[in-house]
Amino acid sequence: MRVELNGETVELADGTTLAEAARAAGAPESARGIAVALDGEVVPRSEWESTPLADGAAVEVLAAIQGGAETWQLGDREWSSRLIAGTGGFRSLEQMQDALAAAGTEIVTVALRRIDPTAEGSVLDVIDRLGLFVLPNTAGCYTARDAVRTAKLAREAFQTDWVKLEVIGDDRTLFPDAVELVAAAELLVADGFTVLPYTNDDPILARRLEAVGCAAVMPLGSPIGSGAGIRNPYNIAIIAERAGVPVILDAGIGTASDAALAMELGCSAVLAASAIFGAAEPTAMARALRAAIEAGHLARAAGRIPQRTYAEPSTAYEGIPDLS
Amino acid sequence: MSDKSGFDAVFVGGGVIGLASAWRAAQRGARVCVLERAEPPAGATKVAAGMLAPVGELTFGERVLLELTLASGALWADFAAAVEAAGGEATGFRRCGALHVALDRDEAGELRRHHDLQRELGLEAEWLTPTRCRALEPGLVPNFVGGVLAGAEGSVDPRALARALAAALREAGGELRTGTEVFDGLWDGERLVGVRTAPSSVAPSSAAEPRVRSSPMGDKGRGVDVHADAVVLCNGAWSGQTAWLPDEARPPVRPVKGETVELRPRPGEGAPASRIVCSERVYMVPRPDGRLIVGATQEERGFDTVVTAGGVHELLREAYRVLPDVAEMEFAGTIAGLRPGTPDNLPIVGRGAVDGLVLATGHFRNGILLTPLTADTVAATLAGIEPPAVMAQADPLRSSLGRDRPSNDERTRADHAVGAPR
């Protein structure tokens, strides 16, 4: 039989299913963000195997880029959402649940030092209910030794070998201690952890962290909780340009434009905590950040025009008819 | 052994919520009995600083809570006077006012933002220059940016209040049984008609016990049945663990740890401030006898009540930044307690999901402040008359309490095996 596959007429065996046609069109088995339409109607993935094609059917296989449905890889997993959320600081569990749902986030960070993972009716219940991936962090650690120990405790407590590595230099700035950070990252990578380090906006340090085997680098935009945005966008752009692993903007997001800028600079994702829970309307801000991250990501891919000093008319002068 | 006499209401928990509710009910003529496994002051009452601060506690998105705290705050002066007159003991209640100071530009930005919210809602709060702040509180650090005076806020000594309430309860003919633990409910079909008690296994000094026992264990022979027309559950952070209630009747309350530090003045000196003084990270509540309570951390640590070095360090460092004189005070002690937190930060007060059950729990950060309103609500509910209308928002059966949550039995650690592929 003849079937129209993405606008081209192809010859397929009788009884071919929609799933087989989608594979023939290059749709990967597992990746999310793929939609298949049969004669103009989108068919749910669960029905692909059981939908036979008729002669003359029109099949379209679409990669759904819009709405952030295009996936990205972090560690050994694929993710749809590019917004990672912190869980500390929400005014109530109800507020946290609403905001995280509005954020559309898939990954949330949890501080082992501040959470008892066995406590019932608490933060983790909300995370469970929303089906989110828990990324434990080592907040509050000042030495590599302390951070490694905390990561191992988190591995036991949360049954995950992922860790957001934070080694803090002092409690006024909460800037990372670069020397301790690299030392801890090395030890944890050797121990089989998927290590996501919170780091300074230092391209050389970012490369060191990637070299020791970190699964991503998470540079700060400005101090944690400051809401001061991205203080050195040039460095973030350099880090993103040279990184072979995802770059996740970690700290300093204050509002939506900061998150959009991070994505335009080439980050793969953004982490937001106080920007959400500290807002007067956390749920609304979560929605705004989600939209900004999608917008920034699309703009990055769209290829912006270069900045110029002088005006450039949008209509060329040449060839304009002289009507005078 | 069975207590056949029977009560109109039995109260599970002898914190200020239970004591005040029982006292108010007794005043209306009810025969009441309060069961407390330790000795009052117990539970969060023992640890609370006793701020009566609807304005200072206000934050974004909590206007319903503000309605409750304002309503209860307005009752406080008469309530304190009535307790003191009934039992003859002081409560330490004072309408002392509260001063919130911003130590640097960052803190000033946040304080301004909250002050804008306070003014938008028509609350009594005034922005003051540093000079005016220091005229009110000369002990303040010289170098800061400004402050907000909430002049109508007050404070009470929760431990003194608990003792005064216990005395008032006795005067009104109510009974208080201490060292008595509740381990089961008494049922008449679907109706709760009392509780089964045993001598407490908890040492009176211990603030923490992770779980009300679900079986009488070796104490069965000594168990005492207390019959009552209504059972009022007012055991704070432990109410969510009440294993003898069916899942749908158990309130969704979790413990939220708080640590406080108590400082004592040197002989001949008073407290370093006459009002409640707060910064972004710490509050300090002066007592009439010159003591200063510094609080409080807020941690999701289950039933852990360990006082940590880091918690004490944080509190004292912040206290010293605001009121340098604290350095000269005597370090009298530290204590950690458990606030009863709820999913929406509102208390849970009113008739429960089974007949015979009344709830008065989940007061989170505002238990002392909400005591008069809660007590009136419980007493009215028990008497079958209309409770204060504002408290309808604390209805135990409201939807925001997330009744779809999994029961404790369904939960396993496998739920947290989040590293597994989905």
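**Notebook: strands, helices and domains in chains A and B**

I began with strand 2 of chain B, which pairs with strand 8 (residues 175-177) of chain B in the parallel sense, over 3 bridges. I note here that the model is a predicted one.

I looked up a partner within that pairing. Leu35(B) has Arg177(B) as its bridge partner in strand 8 of chain B.

Next I checked which way the side chains of strand 2 of chain B point. The strand covers residues 32-35. Val32(B) and Val34(B) point one way, while Cys33(B) and Leu35(B) point the other way. I found all of them buried.

I then took chain B as a whole. I counted 9 helices and 18 strands in chain B. The chain has 422 residues, and buried residues make up 51% of them. Among the contacts in chain B with a separation of 6 or more, 77% come from residues 24 or more positions apart.

**Sheet of chain B**

I traced an open sheet of 8 strands in chain B and wrote down its order as 5-6-4-13-14-15-12-16. The pairing in this sheet is mixed. Its edge strands are strand 5 (126-128) and strand 16 (330-341) of chain B, each of which pairs on one side only. On average, neighbouring strands of the sheet are turned by 20° against each other, direction ignored.

Strand 12 (residues 254-264) of chain B runs antiparallel to strand 16 of chain B, and 11 bridges join the two. One of the pairs I looked up is Pro255(B), whose bridge partner in strand 16 of chain B is Pro340(B).

Which helices lie across strand 4 of chain B? I found helix 5 and helix 8 of chain B there. Helix 5 (residues 105-120) of chain B lies across strand 4 (98-102), strand 5 and strand 6 (146-150) of chain B. Helix 5 of chain B runs at about 140° to strand 4 of chain B. Helix 8 (residues 309-322) of chain B lies across strands 4, 12, 13 (276-278), 14 (283-286), 15 (292-295) and 16 of chain B. I noted its angle to strand 12 of chain B as about 50°.

**Domains of chain B**

I read off the division of chain B: domain 1 takes 2-47 + 160-252 + 344-401, and domain 2 takes 97-153 + 255-341. The C-alpha centres of these two domains of chain B lie 31 Å apart. I found 15 residues of domain 1 of chain B in contact with 13 residues of domain 2 of chain B.

Which element gives the most to the side of domain 1 of chain B that touches domain 2 of chain B? Helix 2 (residues 43-47) of chain B does, with 4 residues. I sorted the residues of that side into 7 nonpolar, 6 polar and 2 charged.

**Chain A**

I turned to chain A, where the domain assignment gives domain 1 (2-64) and domain 2 (72-302). Their centres, taken over C-alpha atoms, are separated by 38 Å.

The axes of helix 4 (residues 144-158) and helix 5 (residues 178-190) of chain A come within 8 Å and cross at roughly 35°. The crossing of helix 4 and helix 5 of chain A is right-handed. Helix 4 of chain A makes the contact with Ala144(A), Ala147(A), Val148(A) and Ala151(A). Helix 5 of chain A brings Glu180(A), Ala183(A), Ala184(A), Leu187(A) and Leu188(A). I noted the residues of this contact as 8 nonpolar, no polar and 1 charged.

Conventions: Residues are numbered from 1 along each chain as its sequence is written. Chains are lettered from A and ligands numbered from 1 in the order in which they are written. This is a predicted model: local features need pLDDT of at least 70, side-chain atom pairs count only at pLDDT 80 or more; totals for chains, interfaces and linings use all residues. Domain bounds come from an automatic or database domain assignment. A residue is buried if 20 or more other C-beta atoms lie within 10 Å of its own, exposed if 12 or fewer, and partly exposed in between; C-beta atoms are placed from the backbone. Two strands pair if DSSP finds at least two bridges between them. Axes are lines fitted to C-alpha atoms, for helices over the stretch in contact, and angles run from 0 to 180 degrees between N-to-C directions. Two residues are in contact if their C-beta atoms, placed from the backbone, lie within 7 Å. A crossing is left-handed if the near helix is turned anticlockwise from the far one by less than a right angle, and right-handed if clockwise. Ala, Val, Leu, Ile, Met, Phe, Trp, Tyr, Cys and Pro count as nonpolar, Asp, Glu, Lys and Arg as charged, and the others, Gly among them, as polar.
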